[in-house]
Amino acid sequence: MTTRASLDGIELTPPAPRPFVKWAGGKGSLVGTIGDYISHGGEGRNVHDYRRYVEPFVGAGAMLYWVRRSFPHLSCSIRDSNDELIRAYRAVRDHVHEVIAKLETHQMMHSEEHYYKVRSLVPHSDVERAARFIYLNRTCYNGLYRVNRKGEFNVPMGSYRNPKIVDRQNLLAVSSVLMAVELEPGDFSELTDGCGEGDVVYLDPPYDPISETSQFTSYTKAGFGRDEQLRLRDAYQAMTARGARVILSNSDTPFIRELYASMTPTPVLHEVNVPRSINSKGSKRAPVKELLICSP
């Protein structure tokens with residue numbers, strides 16, 4: 001779906017889009033692996049039979065951008081329960097130049113005082129909210145997105161010497177590929193309930209914690225606990241029964257293994273090693289084992 005411009009007879013290809021936000025659990029390091037499972041099609045399926053790509057937990061969007069490059073014919077339906085994130089996607093899609101202008105202002109004014117002032121205020125327009133969201137994400141501690149029970153963003157400022165607040169070329173590239181994408185906030189079930197034959201679905205929910213101290217599901221004030229994991233398993237089973245190709249990422253815990261191994265037909269559980277990127281101590285950012293759970 002790339003478009004080309006010409007300059008003195010030389011063809012120029014726009015840069016490939018990449019995530020414009022940092023996101024805990026982002027799939028940048030697993031795009032190739034997950035992409036292979038999507039491209040394989042699954043038992044008795046042909047990848048050319050796909051009509052729609054569905055992602056109810058879009059996060060930073062690494063897989064979405066890969067799909068838009070690899071399968072430009074697919075329609076794309078995207079959700080996330082984080083309303084601020086979806087607003088940012090929409091603003092970048094529909095008003096990218098205005099978002100860039102606001103970010104340039106944040107970059108010029110960036111300081112500790114400015115960071116906490118911006119964090120304490122919630123602007124009204126979608127453009128201003130998107131610029132606030134991106135600015136805080138690029139300058140907060142470890143790129144985390146965390147809210148308190150009131151839904152207020154509460155991550156402290158990070159200690160970056162020269163954070164890249166404005167990435168003009170990438171935002172323009174992202175805006176271009178989002179033009180044909182359906183973007184809505186909401187619970188995953190609002191999208192998965194309609195999935196079936198012809199749909200390829202990638203699920204990347206907040207992970208089941210591997211320990212009490214590793215629990216991090218505060219992307220929204222509602223959180224995402226084991227009751228939600230059970231609801232998601234039921235949605236997974238219903239989608240596969242309707243003929244959808246479904247791939248899910250999660251932590252490799254006994255709870256998740258038991259949850260999906262008990263399904264009929266049993267999905268295929270693949271172990272993958274993924275770099276850990278959000279620990280405050282660099283020495284503890286060793287690879288961790290995760291699961292890719294693929295419908296047969």
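## A walk through the sheet

Strands here (E, at least two residues) and helices (H or I, at least four) are DSSP runs, numbered from the N terminus, and two strands count as paired if DSSP finds at least two bridges between them. Val-54 sits opposite Ser-77 of S4. To get from S3 to S4, the chain passes through helix H2 (residues 62–70), and this β-α-β crossover is right-handed. Right-handed means that, with the strands pointing away from the viewer, the path from the first strand over the helix to the second runs clockwise.

A word on what you're looking at: this is a predicted model, where local features need pLDDT of at least 70 and side-chain atom pairs count only at pLDDT 80 or more, while totals for chains, interfaces and linings use all residues. Residues are numbered from 1 along each chain as its sequence is written, and side-chain values use heavy atoms, with hydrogens and water left out.

Now zoom out. Seven strands make an open sheet with mixed pairing, in the order S5-S4-S3-S6-S7-S9-S8. S5 (181–185) and S8 (268–274) are the edge strands, each with a single partner, so one side of each has no neighbour in the sheet. From one strand to the next, the twist averages 15°.

Here are some of the pairings, each with a residue pair:

| Strands | Sense and bridges | Residue pair |
|---|---|---|
| S3 and S6 | parallel, three bridges | Tyr-53 and Val-200 |
| S7 and S9 | antiparallel, five bridges | Leu-248 and Ile-293 |

Helix H1 (residues 31–40) touches S3, S6, S7, S8 and S9, and its direction makes about 160° with that of S7. Helix H3 (residues 83–94) touches S4 and S5, making about 150° with the direction of S5. Those angles run from 0 to 180 degrees between N-to-C directions, with axes fitted to C-alpha atoms, for helices over the stretch in contact.

What about the two faces? In a regular strand, side chains alternate between the two faces of the sheet. In S3, Arg-52 and Val-54 on one side and Tyr-53 and Glu-55 on the other are all buried, meaning under 20% relative accessible area (1.4 Å probe, protein chains only), with exposed over 50% and partly exposed in between. S6 is covered on both faces too: Asp-199, Val-201 and Leu-203 lie on one side and Val-200 and Tyr-202 on the other, all buried.

How values were computed. Contact means heavy atoms within 4.5 Å.
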